[in-house]
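This briefing sets out, by topic, what can be read from the coordinates of one protein chain. Please keep the sequence and the structure in view while going through the points.

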Amino acid sequence: MHQDWNTQHIAVTGAASGLGRAICRRFAALGATVHGIDIGQGSLDEMRKGLGDQFSFAICDVTNWEEVAKTFEQIPPVDVLVNSAGITGQTSLRSDETNPADVERVFRVNFFGSYHTSKAVIPIMVQRGYGRILHIASIAGKEGNAGMLAYSASKAAVIGMTKVQGKELATTGVTVNALAPAVIQTPMVDAMPTEQVKYMTDKIPARRCGSLEELVAIVEFIVSPACSFTTGFTFDLSGGRATY
Ligand SMILES: NC(=O)c1ccc[n+]([C@@H]2O[C@H](COP(=O)([O-])OP(=O)(O)OC[C@H]3O[C@@H](n4cnc5c(N)ncnc54)[C@H](O)[C@@H]3O)[C@@H](O)[C@H]2O)c1
């Protein structure tokens with residue numbers, strides 16, 4: 001029943017930009033029905049025009065549990081959830097120089113956002129006996145990037161949640177995995193201080209950034225029916241930076 005993308009509904013958060021936008025485009029091209037979720041209209045109208053009826057979107061702040069629950073009530077049950085909404089918050093700051101409100105804001109989006117959306121879809125996926133949840137984490141969550149306390153720690157929390165959810169749902173037909181990319185050039189990276197981006201890219205043995213094409217290829221596999229014996233795992237996309 002889930003062999004064909006044409007029959008699948010896929011929700012993607014952070015759909016208006018960067019990774020989320022590329023993921024929406026790939027799954028629409030594969031024939032899936034894609035539901036984009038983002039806080040701002042951004043490029044969503046334009047995507048809707050380009051992708052047609054296969055793409056719908058909802059304006060929803062993933063930090064707000066009530067908004068998330070309502071949004072998922074208004075769309076058909078999803079077979080796949082990809083959490084790509086994320087922010088870096090302030091960077092290039094030593095951890096003792098950070099602003100508690102900023103650290104909290106980053107956790108609200110990166111950790112609580114993914115927690116809220118997965119909380120909304122898990123009961124329905126379990127009831128239907130099938131589901132694929134992918135949290136986009138980061139190499140920062142595995143390695144810790146100096147100058148990026150909030151971002152690194154919130155992504156480590158996402159990786160922790162992935163392990164918990166993967167184990168909890170292992171017998172249900174629902175898999176939960178994470179992906180830890182190194183640097184992929186997107187508006188998020190463009191907005192970061194040059195020295196912080198250099199710190200991150202200098203650590204990639206492949207000596208280049210990852211591409212959106214490489215990103216969508218691995219995402220397509222992780223959320224496919226074929227990827228059925230891997231759960232609670234954090235996949236790597238780091239050009240050799242993480243070898244574990
Ligand atoms: N670009 C990279 O190098 C890289 C590397 C590792 C991990 N990631 C992760 O990939 C994900 C996507 O990053 P990106 O580079 O595409 O960033 P981006 O800034 O291009 O896109 C992020 C999207 O998330 C949306 N968003 C932010 N807060 C939201 C909220 N409260 N509710 C709903 N939507 C919200 C934004 O509006 C934006 O459209 C993030 O989780 C990021 O941490 C990115």
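The model is predicted, and every value given here is computed from it. Its secondary structure amounts to 9 helices and 7 strands. With a radius of gyration of 17 Å, close to the 18 Å that the globule rule gives for 244 residues, the protein is as compact as a globular protein of that length.

**Overall dimensions, surface and charge**

- Taken along the principal axes, the C-alpha trace of the protein spans about 50 × 35 × 35 Å.
- Among the contacts with a separation of 6 or more, 71% are between residues 24 or more positions apart.
- The side chains include 21 positive and 23 negative ones, and the centres of these two sets lie 4 Å apart.

**Nonpolar cores**

- In soluble globular proteins, nonpolar side chains tend to be buried together.
- The largest nonpolar core here holds 31 residues, of which Ile-23, Phe-27, Val-82, Leu-134, Leu-179 and Leu-215 touch the most other members.
- Two or more residues of this core come from each of strand S1 (9-13), helix H1 (18-30), helix H2 (44-51), strand S4 (80-83), strand S5 (131-136), helix H9 (212-222) and strand S7 (234-237), and H1 gives the most, with 6 residues.
- Phe-27, when its neighbours within four places in sequence are left aside, is in contact with Trp-5, Ile-10, Ala-32, Val-34, Gln-54, Val-219, Glu-220 and Val-223.
- There is also a second, separate core of 18 residues, which includes Cys-60, Val-62, Val-78 and Ala-85.

- The C-alpha atoms of Ile-136 and Phe-112, which are 24 residues apart along the chain, are separated by 13 Å.
- Gln-165 belongs to helix H6 (residues 149-168) and is likewise buried, with a relative accessible area of 7%.
- Leaving aside neighbours within four places in sequence, the contacts of Gln-165 are with Ser-118, Ile-122, His-135 and Val-176.

**Loop residues and their contacts**

- Pro-77 sits in the loop between helix H3 (65-73) and S4, where it is partly exposed, with a relative accessible area of 39%.
- Although Pro-77 and Gln-8 are 69 residues apart in sequence, their C-alpha atoms are 9.4 Å apart in space; not counting residues up to four places away in sequence, Pro-77 touches His-9, Ile-124 and Arg-128.
- Gln-185 lies in the loop between strand S6 (174-181) and helix H7 (187-190), and at 46% relative accessibility Gln-185 counts as partly exposed.
- Between the C-alpha atoms of Gln-185 and Gly-210, 25 residues apart along the chain, the separation is 7.5 Å, and Gly-210 is one of the residues in contact with Gln-185, together with Asp-190 and Cys-209, once neighbours within four places in sequence are left aside.

- Ser-92, in the loop between S4 and helix H4 (100-128), has phi near 60 degrees, a positive value in a residue other than glycine; its relative accessible area of 31% makes Ser-92 partly exposed.
- Arg-207, in the loop between helix H8 (194-201) and H9, also has a positive phi near 60 degrees without being a glycine, and at 75% relative accessibility Arg-207 counts as exposed, because that class takes in values over 50%.

Definitions and conventions. Residues are numbered from 1 along each chain as its sequence is written. This is a predicted model: local features need pLDDT of at least 70, side-chain atom pairs count only at pLDDT 80 or more; totals for chains, interfaces and linings use all residues. Side-chain values use heavy atoms; hydrogens and water are left out. Helices (H or I, at least four residues) and strands (E, at least two) are DSSP runs, numbered from the N terminus. The radius of gyration is taken over C-alpha atoms; the globule rule is 2.2 Å times the number of residues to the power 0.38. Contact means heavy atoms within 4.5 Å. Lys and Arg count as positive and Asp and Glu as negative; His and the chain ends are not counted. The place of a charge is taken as NZ of Lys, CZ of Arg, CG of Asp or CD of Glu. A nonpolar core is a set of buried Ala, Val, Leu, Ile, Met, Phe, Trp, Tyr and Cys residues joined through side-chain atoms within 4.5 Å. Buried means under 20% relative accessible area, exposed over 50%, partly exposed in between (1.4 Å probe, protein chains only).
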